[in-house]
Amino acid sequence: MINEKITTIQNMNVHTIPTDKYKTNTLVWKMKAPLTKETVTLRALLPYVLQSGTAEYPSVKQLRTYLDELYGATLNVDLSKKGESHIITIRIDVANEVFLQEKIPLLRKALKLLSDVVLRPALQDGRFVDHIVAQEKRALKQRIQAVYDDKMRYANLRLIQEMCKGEPYALHANGELDDVDRITAEQLFQYYKKTLEEDEIDLYVIGDVQEETVLEAVASHFLLPNRTVRASVKETVSTKTRDKVNEVIEKQDVKQGKLNIGYRTNVTYEDDDYYALQMFNGIFGGFSHSKLFINVREKASLAYYAASRLESHKGLLMVMSGIEPSNYQKALQIIEKQMEAMKNGDFTDEEITQTKAVIRNQLLETIDTPRGLVEVLYHNVVSKRKRPIEEWLSGADRVSREEIVRVAGKVELDTIYFLTGMEGAE
Amino acid sequence: MEKIVYEQLQEQLFYEKMENGLDVYILPKKGFHKTYATFTTKYGSVDNQFVPLGKTEMKQVPDGIAHFLEHKLFEKEDGDVFQQFSKQGASANAFTTFTRTAYLFSSTANVEKNLETLIDFVQSPYFSDQTVEKEKGIIGQEIRMYDDNPDWRVYFGVIESLYQNHPVKIDIAGTVESISHITKELLYECYETFYHPSNMLLFIVGPVDEQKIMQQIRDNQAKKSFPQASEIQRFVYDEPKERAEEKKVIPMHVQTSKCLVGIKAPTVHPAGKEKLIHELAFNVLLDYLFGKSSPHYERLYQLGLIDETFMYDYTEEREFGFAMVGGDTSDPDRLSEEVKQILLSFSGDSMTESELERVKKKKIGAFLRSLNSPEYIANQFTRYAFNEVSLFDVIPVLQSLTIEQMDQIAKQCFRESQIAVCQVVPKERK
C-alpha cells in the first residue's frame, strides 16, 4: 500500500516514498531527543534560528526570495512531543516541475536547500548570528505567550501541567518562558552541534521521486559530523497513579467555560491493547457518532464541542468541551456517565461497527496527504513497536467487544480542569 | 456529459447540468484513497433580505439563520445524518460563509452510498419546534466560543469597521439574541428559496468512475420533483466606498495585542474573468508588499512589530471585497501606522518586472500545492463557479498579470478613507 524504503546513511534514516499522486514533492526532516527541562527551550528556539538564514542566503529576506524563485517552495518548522520525546520537524514542499512550463530541477535544489538549512546555517564568528538569535528569542516568547490567549489551547495546556506535574511531559514543546532570555548565540550553537551528533535523525522524501536519485543527492549534500547516536533509544515514559482525583478550577474573564478532563489509559502505542484503546476512544469521544458528542451536545444541548483524543505514546486520554460556566456539574456528570457506560460494556455492536469503519476511513484519509503519511510512519520511529499501515488497518478491525471493555477497565480518571468565568457558579 | 481537459495540470473535469438546473462536476483523482464531495448552495450569511419563493415582498430574516439552517439540516425525523454517514465509514461536515452554505462528506469506502446520503439529506428538510429550540443551546455555545477567541474578534471587528450597511459586517452565526427569533417556519422559508437545485452545485473529487457517478446523480434527481424556480431576488445594499470608522479597540483578557488593518475595495465585478483577475492581482500585490521576502516584512520583523502570526489576505465575494493585514503585535498603534504608510506610499513605479515575476512564481507553486488537496479543489472550484469563473484558469491569469493592474488596485483601494483598523488589547487588570 505504501512503498516506504528506509536506508541508513551516516546514522541518519532516509525514507523514500515514491508516488505520483501529488503536484509537489515533500521533504521532512525530523530530529528526536529526550524531553528535558534543561534542553526544552534551546530546542524550541533552534529550528526557528535555522530557518532564518543559511551560509548562502544569510537573512530571512534572501532565503525567502530564493524560495520564491523555487516556485514558492515552502519552508516551515515546528516542535512536538510524542510521549517523552521532543521532536523538531523541518519541512520543504516544492512544486513538481512536470507541471511547469519552465524545466528546472526543483527537487534537487530543494534537497540542497534543506541540507543548507540544517547543516550550513548563517554564522558570524563561528556561532549563530546575534541579531537573528535575538529576534527569534523575542518571537519564541510571543509564541509561548500566544497559548494564553487561545482558551482552548490554554485549557489543554493547563490540564497537562496539572496532570503531569513532575513528569517531563508537563513541559511544553515550545519551551519555558523564563528560560528564553538566558540563551546566548554561543550556547545555542553548542547545543545545535550536539543535536547533530546525538539526535535520532529521519529524513522523509515523498513524491514523484526515484530512490537512487534521492539517496545519491542525500549522500552528496548531507555530510553529518561523526555521530554517536543514541540509536533508536526509547524514552521511558513515566506514569503515576493518584489515590484521589485532582480537581482544578481556575477563573478568568471568559464567556465560555472550558472543561478538560485527563485520564491515564495505562496503554501505549507499543502495547497489544493499542488498537482496543483506539476503539475505546472512538466509541467514547473521538467522532461525531461518539457518546460524548451524542450525549453532551446532541441530547443535552450543553456544548458545541465535546470530544476526546489520545496521546498514544504517553498513554493519556483527554476530554475537552466548551460549556456555559453554570453547567459544570451537569456536563461533568454526563461525561462521567459515558465513561461508566464504557467500563460496563454498555455500547452496541452497531457502535463498534461504526467506529471500525470510521477509524479505517480516518487512517486512509490521513495517508492521502504527504504530511499525514509522515506522521503515521513516524510513530514507528518513536516507538519500539513497528506497525505497518496494513496492520493499522486490520488491527482495529479485529478488536472484540471484550477487549474494549478490558481496556476501559484500565482507564483511570486523573485530573479535572475547569476554566470558568469570573462570576462562574461552582 | 462534458469533458474538460487541463493539459498542463494533467487533470480532467466532467460537467453536466441536470434538468432541474443542478450543476454537477466530477474530478477523478487516481492514487487517492479519499473521495470528497460537496453539495453547496449559493446562500450565506449576507442573504438576510430577499423575496421568499412564491412571494412578492422583500423579507428580512434573523441574523445567523443560514448557519442555523446548516446545523438543522442534519437532523431528521429518525435521528441525525452524522450517524448514517459514520455507519458508512464517512465523515460528514458543513460550513457557512458569507455567500455559501456547503455540506460535505469524505470517505474511502461506500462512495455511492455516501453520495446518495449527502444528496438526499440536503434535499429533504425536516425541522420541528422542539429540535429548533434545542439547537439554540448548541449554537449559543458556538457563539460563546468565538466570543472568547481574540483572533475571531479582531477579524470581525475590522469588517465591522469597514462596512456601514452591508450585512457582511454581521457575524455569520448571528448573536444569542438574534437566533432566539428563529422558528421552524422561517427555516422552511429560507430553505425553499435558496435550496432549489438551480441555485446549487455538486462537486465530487476522488478515485471515482465518472460515468457511473454521473448516472447515479441523474437517477437520483429524476426521482424528485421541484417547483419551477424563479430568479432569486436579494436586497441590494447601498454601501458607500468609505469605511464606517477609522479605528476600533476591543479590550479582552489577552496577554498579546492583535491588530488588523482592513482595506475596502470600493466596487467589485459581480462575476466573470475580470473578477478573477482583480482577486488574484490584489493577492499578488499584498504578497509583494508583505510577503516574507519583501523589504517591509524584514523591517517590521526586525522592529519587533510582527511575528509568525503576521498575515495578509484579500477576500472577494459577490458584491464586496476587502483585504486584511496584521497579526499579533507588541505595539498595535505603531503597526497600524507602519502598514498604512506602506499601503499609502505604494505606486506601480516602485515595482519591477522581475519582482512581479518572482511573486507570480511563488503563487503558481502555491496553487499547485493546493491541488494536492481534494478539499481545496472542491471548495474553491465551487466558489469560483458561483462567480462564473474556473479554478483551473488561475495559472494562466496569474501569468498574465501586469504592474499596471497592481497600480490600479492601489489607486482605487489604498486610500485613507477606505482603510480601517481593529485592535484587540489586554484589558486592565482589576
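What share of the contacts in chain B with a separation of 6 or more comes from residues 24 or more positions apart? The figure is 80%, with contact meaning heavy atoms within 4.5 Å.

Before selecting anything, note the ground rules. This is a predicted model, in which local features need pLDDT of at least 70 and side-chain atom pairs count only at pLDDT 80 or more, while totals for chains, interfaces and linings use all residues. Residues are numbered from 1 along each chain as its sequence is written, chains are lettered from A and ligands numbered from 1 in the order in which they are written, and side-chain values use heavy atoms, with hydrogens and water left out.

**Stop 1: chain B**

Select chain B. Colour by secondary structure: there are 15 helices and 16 strands. These are DSSP runs, helices (H or I) of at least four residues and strands (E) of at least two, numbered from the N terminus. The C-alpha atoms fill a box of roughly 60 × 55 × 40 Å along the principal axes. Of the 430 residues, 62% count as buried, that is, under 20% relative accessible area with a 1.4 Å probe and protein chains only. Areas come from the Shrake-Rupley method with a 1.4 Å probe.

**Stop 2: B:Glu75**

Zoom to B:Glu75, in strand E7 (residues 75-76) of chain B. Is B:Glu75 buried or exposed? Its relative accessible area is 11%, so B:Glu75 is buried. Now show its contacts, leaving aside neighbours within four places in sequence. In chain B they are B:Asp80, B:Tyr126, B:Thr131 and B:Lys134. From chain A comes A:Glu298.

**Stop 3: chain A**

Switch to chain A. Its secondary structure comes to 15 helices and 13 strands. The C-alpha box along the principal axes is roughly 60 × 45 × 40 Å. Of the 426 residues, 63% count as buried. Among contacts between residues at least 6 apart in sequence, 81% join residues at least 24 apart. The accessible surface comes to about 15,900 Å², of which 49% belongs to carbon and sulfur atoms.

**Stop 4: H2(A) against H12(B)**

Show both chains. Select helix H2 (residues 60-69) of chain A and helix H12 (residues 353-370) of chain B. They pack at an angle of about 65°, with their axes 7 Å apart. Axes are lines fitted to C-alpha atoms over the stretch in contact, and angles run from 0 to 180 degrees between N-to-C directions. H2(A) is therefore roughly perpendicular to H12(B), a label covering 65 to 115 degrees. Display the side chains. H2(A) contributes A:Thr65, A:Asp68 and A:Glu69. H12(B) contributes B:Arg358, B:Lys361 and B:Lys362.

Key
Parallel < 35°, antiparallel > 145°, perpendicular 65-115°, else oblique. Buried < 20%, exposed > 50% of the residue type's maximum accessible area, 1.4 Å probe, protein only.
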